[in-house]
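User: I would like a close look at a single part of this model, followed by whatever context belongs beside it.

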Amino acid sequence: MADLNLQEIHDTLISVAHEAGRMILSANPTDISTGIKLNSADIVTETDKAVEALVSSRLSKAYPSFAFVGEETYKPGIQVTNTPTFIVDPIDGTTNFVHGFPNACISLGFAVDRVPAVGVVYNPYQDLLYTAIRGQGAYLTQGAVWGLEGGKGRKSKLPLSKNPAPLADLSTTLVAIEWGNSRDGVNYEVKTEVFKKLCASKETGGAMVHSLRSLGSAALNLCAVAAGQLDIYWEGGCWAWDVCAGWAILAEAGGIMVNGNPGDWEPKIDSRKYLAVRGAPSGQKQIVEQFWKVIGDGKMEYES
């Protein structure tokens with residue numbers, strides 16, 4: 001990685017994210033062509049495809065020797081390899097986008113040796129730009145496009161708190177979850193049972209977490225954990241393009257990523273099962289073990 005200019009890659013991704021953000025904002029969800037992939041909850045739009053075409057064109061021109069994996073051009077059998085690879089979701093939160101709910105983003109990740117090295121996540125609706133370079137920290141820039149702070153935006157290091165609280169018990173946590181687009185079978189049963197246990201009172205054997213949140217975007221969930229606005233994000237069924245950029249940001253903010261199934265502390269980028277925990281002075285390992293205990297013998301299985 002020593003011969004890779006990660007700062008230049010980071011800056012290029014920010015430029016591409018802003019261009020893609022303008023494309024997303026210019027689209028009228030009520031007038032665009034919409035289709036489905038797996039089922040009615042797995043939506044793709046012409047804007048998803050157009051944004052990915054734009055991103056692929058810009059990045060292949062700037063870095064012709066790097067690999068590219070994108071959601072809309074993915075075909076079964078494509079793998080993330082050790083080659084420097086851009087891993088892209090053109091619109092993460094397509095369901096939100098289609099409904100006009102302003103919580104969608106472009107997720108631009110760059111991995112080397114199958115490890116996230118640069119992450120750029122941009123929500124154009126709220127002008128929120130999350131960025132990270134491995135070894136250089138993670139940041140949130142707010143309002144740059146809107147002209148805040150003379151057009152530079154308000155830049156904050158992540159996590160947003162200078163003194164994050166320790167992680168003590170699941171009952172003190174705010175947890176992000178997603179329903180996903182597969183609504184039957186073993187994985188759905190595991191998920192819904194865990195959701196129930198997380199919320200149930202301790203008197204009935206539950207964890208009694210503060211509450212559950214679904215932002216509708218894996219990348220934005222990860223960024224909220226990196227920022228310290230959420231404590232935990234548990235996911236099964238998403239893909240490398242959903243998590244690569246957010247994972248880079250999470251790691252640089254002091255957070256950790258383990259497997260969404262119990263027992264694996266070092267998940268692969270394309271494992272499709274993830275448990276993210278925010279940065280904290282203590283308690284990360286303990287909170288993971290508590291969460292895995294809630295899952296119990298349940299096990300999610302997804303093809304990579």
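Which residues in α2 are buried?

Analyst: This is a predicted model, in which local features need pLDDT of at least 70 and side-chain atom pairs count only at pLDDT 80 or more, while totals for chains, interfaces and linings use all residues. Residues are numbered from 1 along each chain as its sequence is written, and side-chain values use heavy atoms, with hydrogens and water left out.

In α2, the buried residues are Thr 47, Asp 48, Val 51, Glu 52, Leu 54, Val 55 and Leu 59, where buried means under 20% relative accessible area, exposed over 50% and partly exposed in between, for a 1.4 Å probe and protein chains only. Seen down the axis of α2, these buried residues fall within an arc of 160°, so they line one face of the helix; the arc is that of the directions from the helix axis to the C-beta atoms. An α-helix has 3.6 residues a turn, so residues three or four places apart point the same way. The face of α2 turned away from the buried side carries the exposed residues Lys 49 and Lys 61.

Helix α2 itself covers residues 46–62, helices being DSSP runs of H or I with at least four residues, numbered from the N terminus. Its 17 residues reach 25 Å from the first C-alpha to the last, close to the 24 Å expected at 1.5 Å a residue, the expected span being 1.5 Å times one less than the number of residues.

Elsewhere, Lys 293 in helix α7 (residues 284–295) is also exposed, with a relative accessible area of 70%.

How values were computed
Helices (H or I, at least four residues) and strands (E, at least two) are DSSP runs, numbered from the N terminus.
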